[in-house]
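Q: Please take a close look at a single part of this structure. Then connect that part to what surrounds it and to the other chain.

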Amino acid sequence: MSVAAQNLLELDGVHTHIGAYHILHGVSFSVREGEVTMLLGRNGAGKTTTLRTIMGLWQASRGDVRFKGQSLKGQATPDIAARGIAYVPESMGIFSDLTVQENLVLAARAAHHAGELDTQRLEWIFGLFPALQKFWLYPAGKLSGGQKQMLAVARAIVEPRALLLIDEPSKGLAPSIIGNLISAFNELKRQRTTILLVEQNFHMARSLGDAVAVMDNGAVVHTGSMRELADDEALQQRLLGLSLGVHQ
Amino acid sequence: MTVASTVRVAASATIPKAQFDWRPVLLLAVIALAALPLIGSPSTWVTLTVAGLAMGMIIFIIASGLTLVFGLMDVLNFGHGVFIALGAFIATTVMGGMTVWAGDSGAAQLLAVFSAMLVAFAAAAALGWAFERVIVRPVYGMHLKQILITMGGMIIGEELIKVIWGPAQIPLPLPDVLRGSFLLGDAAVEKYRVLATAIGLVVFAALAFTLNRTKIGLLIRAGVQDREMVESLGYRIRRLFVGVFVAGSALAGLGGVLWGLYQQIVIPQIGAQVNVLLFIVIIIGGLGSTLGCFVGALLVGLMANYTGFLAPKVALFSNIGLMVAVLLWRPQGLYPVTNR
């Protein structure tokens, strides 16, 4: 199999402007199928903008984003989502006034009501996140922060998706909840789900990541394997200004 | 195993139940009961209460589309009144044209009224589609321009109405079958207000069913909260918005027929006259909230009728006063939409 065939997502010299601000300066990296690729970098490096650009929420002014070899440039967000890309934003994007059930029905595009949800998949999701079963008919806005994050991830996987874009899922969560999320992501990883994960929690990044792309000032400054970065403290210092060893 | 049985496992455990917020509904009851000793006569109170509910229902029919349009796309449509005026003028044409045919037959007169509603509904829907495409679409996300251009659209609409129907006021009398009152003890309840209340309840039930029991409704409710996330899930919010705009315009056309029959006189500015009232209702209710719009419209209707009877001079400001009081109690409105 060729290298190009293994790449599910490719960013090639992507520039993004938001109003008068030039945020991404030629971002290039790729996400291989069946792998978890971590997108790391300091605050303001452009990680969230990269995910939003892939989703078409902000349009790239130059460069190209290719998914399964086809350009996503200029496509509207619903068309990009319909290709099988799910997005979990940093804010989680939960519909607070809707119940847990309604949030999941909405995310399952083929289902018109709860009765049409894939039962086996739902049981699998309940296995990953038991709280969602308990709070099934409860307004999502009343859930705790960790439960909301579980719902956000569950929404992304309620139907099979080719690629998950997940933005800082551990942000603001208690360590025990982060442990639950890591277990769930490991389960997704075992099922060969392709994930592009933005994360500031380096313990999570190291335990989940197969590959890594590090961003700084709106550009990718390093790509490689997660293991290579995790084992090289000097590289961590240079790229991230810290050592993964002290962030466990 | 079905989804129901999958989640039934949890149903046997203690599932936290979401509490419905009854306080705004109780406020309605409190205001109605508080008015009783002030009015004195129970029969007058019944008459005023039914009149207030009927007025509130008509306002709800007109305003329900406006609140969803604002909630979904942050579009401030100050031109909503043109759909009301169109509905009212179409009623003068349709009912005028069917008067001779209907003659003394009550059923035929009712058919004329319902025909007027149907034609007004369809015409306002068509105008709403054109209005969204030509006037609203170029100014998405630009509030100041939305205010200016939609007001401009309403002025043009009013002028076009003058071209078609003339600038003079046109009487829109109630047909004989809707004149007069039912007697409930000593209380006289006007037949037309009962009909308006019934139509308002049907519209509310249809909206509540659509919003709470269908996927389209789910999308609308979600879109009001976070339209970007709805798009990220793969749905075209703009297409949905056009549908809501058209439906909202159609309801305003229907409301225009009811409002015209309520006033019994139709002028080109009939829509502009209720515009302020509509915005008071959707602000009181919580922008984007259909239930809030419903309760807010009933509050406005009741207050207008009670104060109109008790202190006519105060009635001019009663709705502004109501809005101030509600916003002091709940700054986001009676049923605020989360995430807004």
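A: Two strands count as paired if DSSP finds at least two bridges between them. The model is a predicted one.

Strand S2 (residues 181-184) of chain B pairs with strand S3 (residues 187-190) of chain B. The sense is antiparallel, and four bridges hold the pairing. Leu184(B) has Ala187(B) as its bridge partner in S3(B). Two residues lie between the strands of this hairpin. One feature there is Gly185(B), with a positive phi near 65°.

Next come two helices of chain B. Helix H7 covers residues 191-213 of chain B, and helix H8 covers residues 215-225 of chain B. Two packed helices are described by the angle between their axes and the distance between the axes. Here the axes of H7(B) and H8(B) come within 5 Å and cross at roughly 85°. H7(B) is therefore roughly perpendicular to H8(B). On the H7(B) side, the contact is made by Thr210(B), Leu211(B), Asn212(B) and Arg213(B). H8(B) contributes Ile216(B), Gly217(B), Ile220(B) and Arg221(B).

Further along chain B, a positive phi turns up outside glycine. Gln264(B) has phi near 65° and is a residue other than glycine. Gln264(B) sits in the loop between helix H10 (237-263) and strand S4 (265-266) of chain B. Gln264(B) has 11 other C-beta atoms within 10 Å, so it counts as exposed.

H12(B) spans residues 290-310, 21 residues in total. From its first C-alpha to its last, H12(B) reaches 30 Å, close to the 30 Å expected at 1.5 Å a residue. Of its 21 residues, 18 are buried, so H12(B) is largely enclosed by the rest of the structure.

Now chain A. Chain A holds eleven helices and ten strands. Its radius of gyration is 18 Å, close to the 18 Å given by the globule rule for 248 residues, so chain A is as compact as a globular protein of that length. The C-alpha trace of chain A spans about 50 × 40 × 40 Å along its principal axes. Buried residues make up 48% of the 248 in chain A. Among contacts in chain A with a separation of 6 or more, 66% join residues 24 or more positions apart.

Chain A also has a sheet. Its four strands run in the order S2-S1-S4-S5, as an open sheet with antiparallel pairing. Strand S2 (21-32) and strand S5 (70-71) of chain A are the edges; each has a single partner strand, so one side of each lacks a neighbour in the sheet. Helix H2 (residues 47-55) of chain A packs on this sheet and touches S1 (7-18), S2 and S4 of chain A. The direction of H2(A) makes about 75° with that of S2(A). Strand S4 (residues 60-67) of chain A runs antiparallel to S5(A), with two bridges joining them. In S5(A), Ser71(A) is the bridge partner of Arg66(A).

Two loops of chain A complete the tour. Arg192(A) has a positive phi of about 65°, though it is not a glycine. Arg192(A) lies in the loop between helix H8 (175-190) and strand S8 (194-198) of chain A. With 9 other C-beta atoms within 10 Å, Arg192(A) is exposed. His113(A) occupies the loop between helix H4 (100-107) and helix H5 (119-128) of chain A. His113(A) has 15 C-beta neighbours inside 10 Å, so it counts as partly exposed.

Terms used. Residues numbered from 1 in each chain as written. Chains lettered and ligands numbered in written order. Predicted model: local features only at pLDDT ≥ 70, side-chain atom pairs only at ≥ 80, totals over all residues. Expected span 1.5 Å × (residues − 1). Buried ≥ 20, exposed ≤ 12 C-beta atoms within 10 Å, placed from the backbone. Rg over C-alpha atoms; globule rule 2.2 N^0.38 Å. Contact = placed C-beta atoms within 7 Å. Axes fitted to C-alpha atoms, helices over the stretch in contact; angles between N-to-C directions. Parallel < 35°, antiparallel > 145°, perpendicular 65-115°, else oblique.
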